[in-house]
Amino acid sequence: MSRVVLSSMRSAFQQGLLRPTPLASLPPRVLLSQTQARWSSHSPLGTPSVNPRKKVTLGTLRSLYQKQEPITMITAHDFPSAHVADAAGMDMVLVGDSLAMVALGMEDTSEVVLEEMILHCRSVARATKAAFTVGDLPMGCYEIAPEQALESAIRVIKEGRVQGIKLEGGLEMAPTIAKISGAGIPVLGHIGLTPQRQHSLGGFRVQGKTTVGALKVLEDALAVQEAGCFAVVLEAVPAEVASLVTKKLHIPTIGIGAGSGCSGQVLVQVDMSGNFPPGRFLPKFVKKYGDVWGESYKAIETYKTEVKSRAYPAQEHTYPMPKEEFNEFESLVEGRNLA
């Protein structure tokens, strides 16, 4: 910019004839050019994986089962938690209704509704480029009739963009499972401790601890298998019972609190990663593999301290401006009341 132009601008600015242009009034192409450099804090998380994998399909899961290679499964409730699960190589990712408690602050899983589950499924599905992704049907959207369940399942698949659905219940849910799987939607069963029915079970109690109870678990497993489930979750079942049930099926079992004799394992990501405050109750079967809460707390506490002391941002965290440009800017505004 020439000195003559700058001089004219300075004079106009000082006389009040030139005022700053509001950002909102700039043409879209100008705003676009300012944002394309991605200097914003809102940079996308979804960068391509350094180790891309083939998409896991039902065929992949059957192959793992036939080779007796354990199937790995973990929950995710949003894009970041799904992104790390997929990058870490999980075979399956479950958008569990446990997100009611670990992501939405609810008391139990019965509070979450279908629309909320679909929203979280869609967020997770944007990240799971390889893992076979399953969405939970929440309580209240599938128990009335098989037709209601099929309608809900179709919404989760179409709007949630996942590859399969999960629902709780054994023999009594066989007609519903048959209806959904008959429509071409993969169904993951869930028997043993079924959290949506905790009140009828007397709370979160281990199932199958008696002969009668163990026979009920086996009966339910066989029923959901014959109804068309591609796999079944066994939750809070004695290890020896789960192992025997697994041997009697020709579909994979995914254990959670059911021992190592199952075809695979699933855990709630928040639980196993340690992303919770000290003193929170954990079920016996959970192994804490990390301390995400502790690391996050330490980082945020340090950030707060540095902001308070003005140690952050340091010079290396700021954007440079040519000195002569700043001098011109300063000479234009020095001593002016810009209000």
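Two strands are said to pair if DSSP finds at least two bridges between them. Helices (H or I, at least four residues) and strands (E, at least two) are DSSP runs, numbered from the N terminus.

Good morning. The structure above is a predicted model, in which local features need pLDDT of at least 70 and side-chain atom pairs count only at pLDDT 80 or more, while totals for chains, interfaces and linings use all residues. Residues are numbered from 1 along each chain as its sequence is written, and side-chain values use heavy atoms, with hydrogens and water left out.

I begin with the overall fold. The chain comprises 13 helices and eight strands. Of its 339 residues, 40% are buried, where buried means under 20% relative accessible area, exposed over 50%, and partly exposed in between, with a 1.4 Å probe and protein chains only. The eight strands form a closed barrel with parallel pairing, in the order β1-β2-β3-β4-β5-β6-β7-β8. From one strand to the next, the twist averages 25°.

Let us turn to strand β6, residues 231-235. How many of its residues are buried? Five of the five are, and the strand is mostly covered. In a regular strand the side chains alternate between the two faces of the sheet. In β6, Ala-231, Val-233 and Glu-235 lie on one side, Val-232 and Leu-234 on the other, and all are buried.

On to the neighbours of β6. Strand β5, residues 187-192, runs parallel to β6 and is joined to β6 by five bridges; here Ile-191 has Leu-234 as its bridge partner. With strand β7, residues 253-256, β6 pairs in the parallel sense over four bridges, and Glu-235 stands opposite Ile-256.

Finally, the helices. Helix α7 (residues 146-160) packs against helix α8 (residues 174-182) at an angle of about 45°, with the axes 9 Å apart. Axes are lines fitted to C-alpha atoms, for helices over the stretch in contact, and angles run from 0 to 180 degrees between N-to-C directions. The two helices are therefore oblique to each other; angles under 35 degrees count as roughly parallel, over 145 as roughly antiparallel, 65 to 115 as roughly perpendicular and the rest as oblique.

The contact (heavy atoms within 4.5 Å) involves Pro-146, Glu-147, Ala-149, Leu-150 and Ala-153 of α7, together with Pro-175, Thr-176, Lys-179 and Ile-180 of α8.
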